[in-house]
Amino acid sequence: MEFLQYPLPLAELIGNLARLPGIGPKTAGRLAFYLLQQPQVSQDLAKALTDAVREIRKCSRCANLTDKDPCELCRDAQRDRSALCVVEHPRDVASLEKTREFKGLYHVLHGVLSPMDGIGPEQLTVDLLLKRLEGVQEVVMALNPTVEGEATALYLARLLKPMGIRVTRLAHGLPVGGDLEYADEVTIARALEGRRQL
């Protein structure tokens, strides 16, 4: 352990904090010292983390994270059950819900296909998705525009189209406030492909 200049419990705390995404050793050290100086914050954080690990699970219908099964969105009778939006991660559901534009249901894959990393359809929630298509007329692919996201969208589209389900994707292109001068060729090409009449 590289933090051996500290007492072992502190070194272990820093080491574990450094394992979090986006947290390097220096930030982990600052967080550890802060938590030690704020015992109530530390106790509240420990309780919240313990409760979340104990109570949060995947929804048996959509695989979103929830404390009740099925989740609140799946239970909502006002949602449009003919539209299903497929996303990579639970945080993507939260991002889409903030817009208040999509009124259908969601399905969380918990990743994308990545043969180089050993992630195939079996490691994702594809089987669960295929079991919940009764009454679904449109599936919206809301996957990130990465090579893996594109491959996953194409794979799912090939499975769904023979079932008579309309498969759509989120538009790609220039962001609002974007500048053509700074956009890459792929982004500009996608914007041209997705152009609409005014």
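Helices (H or I, at least four residues) and strands (E, at least two) are taken here as DSSP runs, numbered from the N terminus. The model is predicted, and local features need pLDDT of at least 70, side-chain atom pairs count only at pLDDT 80 or more, and totals for chains, interfaces and linings use all residues. Residues are numbered from 1 along each chain as its sequence is written, and side-chain values use heavy atoms, with hydrogens and water left out.

Four strands form an open sheet in the order β4-β3-β5-β6, with parallel pairing; two strands are said to pair if DSSP finds at least two bridges between them. The edge strands are β4 and β6 (166-169), each of which pairs on one side only. On average, neighbouring strands of this sheet are turned by 25° against each other, direction ignored. For such angles, axes are lines fitted to C-alpha atoms, for helices over the stretch in contact, and the angles run from 0 to 180 degrees between N-to-C directions.

Strand β3 (residues 80-87) joins strand β4 (residues 104-108) through five bridges in the parallel sense, and here Val87 has Val108 of β4 as its bridge partner. β3 also pairs in the parallel sense with strand β5 (residues 138-141), over four bridges. Within β5, Val139 is the bridge partner of Leu84, while Val140 is that of Cys85. Helix α5 packs on the sheet, touching β3 and β4, and its direction makes about 155° with that of β4; contact means heavy atoms within 4.5 Å. Together, β3, helix α5 (residues 90-99) and β4 make a right-handed β-α-β unit. A crossover is right-handed if, with the strands pointing away from the viewer, the path from the first strand over the helix to the second runs clockwise.

Another helix, α7, lies across β3, β5 and β6 and runs at about 170° to β5. Ala157 is found in this helix, which spans residues 147-160. With a relative accessibility of 10%, Ala157 counts as buried (buried means under 20% relative accessible area, exposed over 50%, and partly exposed in between, with a 1.4 Å probe and protein chains only). Leaving aside residues up to four places away in sequence, Ala157 touches Met141, Pro162 and Val167. The C-alpha atoms of Ala157 and Thr168 are separated by 8.7 Å, and the two residues are 11 apart along the chain.

Charged side chains come next. Seven salt bridges are found in a search of the whole structure, a salt bridge being a side-chain nitrogen of Lys or Arg within 4 Å of a carboxyl oxygen of Asp or Glu. One of them links Arg166 and Glu138 (3.7 Å, N to O). Because Arg166 lies in strand β6 and Glu138 in strand β5, this pair ties together parts that are 28 residues apart in sequence. Arg166 itself counts as exposed, at 54% relative accessibility. Salt bridges with shared partners also join Lys47, Asp51, Arg54 and Glu55 into one network. Within it, the side chains of Asp51 and Arg54 meet at 2.7 Å, N to O. These two residues are three apart in helix α3 (residues 39-55), so about one helical turn separates them. Asp51 is buried at 17% relative accessibility, whereas Arg54 is exposed at 56%.
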